[in-house]
Amino acid sequence: MKRPAPLLPALALLLAACGAPPAAPLASLGKPQPVTRHPILFVHGFNSSGSIWTTMIGNFKKDGWTDAQLFSWSYDTGQSNATTAGLIQQKVDAILAQTGATQVDIISHSMGGLSSRYYLKHLGGDAKVDAWVSLGGPNHGTNFADACWTTSCVEMRQGSSFLTDLNSVDETPGTPRYGTWWSPCDEIINPDSSVPLSGATNTQTACLSHSSLYQNSTVYTQVRDFVQR
């Protein structure tokens with residue numbers, strides 16, 4: 001008794017007769033796509049330090065990033081955000097030279113979003129950054145800054161010349177992917193609407209405090225998925 005022809009070859013012949021491309025080999029079905037992981041530079045906010053990123057960096061390590069891909073640092077938070085942007089420029093160039101990567105991702109908290117945005121807009125950073133993240137950034141100012149007088153804090157005031165320049169023409173210039181996360185319960189960034197940027201992926205979180213934005217597991221997962229592709 002003649003055995004029936006195998007189903008897959010017969011199906012391939014039928015598809016070819018109909019002008020359809022041949023089916024993909026079984027070995028390729030469900031094959032995971034490669035994930036691109038750039039080095040990440042973490043930029044903290046006002047009156048803070050690089051130590052705030054311990055939890056988030058630990059989570060990135062659990063998900064496959066290495067120590068050689070994760071960079072936190074501390075800077076003088078009283079100086080102008082434009083000055084800090086110049087330091088970010090130096091940090092990014094050093095990271096690219098050290099890792100051999102062509103681009104980095106930047107994850108910022110609070111005021112760190114302003115200096116890193118300045119780097120992207122005015123210091124050529126848009127060509128060297130793939131994804132930029134702002135967690136609770138005072139992108140359009142906060143009334144919290146009305147109570148402090150350092151140069152950087154004055155720059156965070158609503159309507160400051162620094163923010164007027166930073167937000168002029170295009171809030172998300174160049175080719176980087178911009179993402180912001182904001183909490184309706186943020187006690188530092190007022191109003192809440194200060195954080196989202198035109199042209200960015202803007203995400204509202206649960207009711208989180210300002211500091212919880214860099215510690216919350218849900219926010220971490222969303223940020224991780226945003227920076228990797």
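**Cysteine links and charged pairs**

Tutor: Cys 148 and Cys 153 are both buried, that is, under 20% relative accessible area, where over 50% is exposed and partly exposed lies in between (1.4 Å probe, protein chains only). Keep in mind that this is a predicted model, in which local features need pLDDT of at least 70, side-chain atom pairs count only at pLDDT 80 or more, and totals for chains, interfaces and linings use all residues. Residues are numbered from 1 along each chain as its sequence is written, and side-chain values use heavy atoms, leaving out hydrogens and water.

Student: What makes Cys 148 and Cys 153 a disulfide?

Tutor: Their sulfur atoms are 1.5 Å apart, and a disulfide is a pair of cysteine sulfur atoms within 2.5 Å. The pair therefore meets the definition.

Student: Why is Cys 207 called exposed, and what is Cys 185 called?

Tutor: Cys 207 has a relative accessible area of 56%, so it counts as exposed. Cys 185, with 31%, is partly exposed.

Student: Why do Lys 61 and Asp 67 count as a salt bridge?

Tutor: The closest N and O atoms of Lys 61 and Asp 67 are 2.5 Å apart. A salt bridge needs a side-chain nitrogen of Lys or Arg within 4 Å of a carboxyl oxygen of Asp or Glu, so the name applies. Lys 61 is partly exposed at 39% relative accessibility, while Asp 67 is exposed at 55%.

Student: Which parts of the chain does the pair of Asp 130 and Arg 177 link?

Tutor: Asp 130 and Arg 177 form a salt bridge, with 2.7 Å between the closest N and O atoms. The pair links strand S4 (residues 129-135), which holds Asp 130, to strand S5 (residues 177-182), which holds Arg 177, across 47 residues. Both residues are buried.

Student: What makes Arg 224 buried?

Tutor: Its relative accessibility is 18%, so Arg 224 counts as buried.

Conventions. Helices (H or I, at least four residues) and strands (E, at least two) are DSSP runs, numbered from the N terminus.
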